[in-house]
Amino acid sequence: KEEADERLAKLEDKTSSWTGEKGEKLSLSAGYAMAEDHKDSSIEELVKYADDAMYEAKRAYYQKMGIKR
């Protein structure tokens, strides 16, 4: 989990500092679920946990940025 968190933080850092010709800003929403944390879950359930984590990350981002959605 620690390694996944570190890799996700690096990816978020890279995307937040990105600038390009076609757009001023790039954002990323990601979530993950660790099979070891959900030993009895199916792959479909793991995907749901990952989706839930992604939507929680999006909610936290918008709240941090003061954006109402």
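Mentor: In the chain, 29% of the contacts with a separation of 6 or more are between residues 24 or more positions apart, a contact being heavy atoms within 4.5 Å. This is a predicted model, in which local features need pLDDT of at least 70 and side-chain atom pairs count only at pLDDT 80 or more, while totals for chains, interfaces and linings use all residues. Residues are numbered from 1 along each chain as its sequence is written, and side-chain values use heavy atoms, with hydrogens and water left out.

The chain has 2 helices and 0 strands; these are DSSP runs numbered from the N terminus, with at least four residues of H or I for a helix and at least two of E for a strand. Along the principal axes, the C-alpha atoms fill a box of roughly 45 × 25 × 20 Å. Of the 69 residues, 9% count as buried.

Now the rings. A pair of aromatic rings is described by the distance of the centres and the angle of the planes. A search of the whole structure finds 1 aromatic pair. This pair is formed by Tyr-61 and Tyr-62, with 5.4 Å centre to centre and 70 degrees between the planes, and is edge-to-face. The rule takes rings of Phe, Tyr and Trp (its six-membered ring) with centres within 6.5 Å; planes under 30 degrees apart count as stacked, over 60 as edge-to-face and the rest as tilted.

Tyr-61 belongs to helix α2, which covers residues 43-65. Tyr-61 counts as partly exposed because its relative accessible area is 29%; buried means under 20%, exposed over 50%, and partly exposed in between, with a 1.4 Å probe and protein chains only. Between Tyr-61 and Val-47, 14 residues apart in sequence, the C-alpha to C-alpha distance is 21 Å.

Lys-48 also has its place in helix α2. With a relative accessible area of 48%, Lys-48 is partly exposed. The C-alpha atoms of Lys-48 and Tyr-32 are separated by 9.4 Å, and these two residues are 16 residues apart along the chain.
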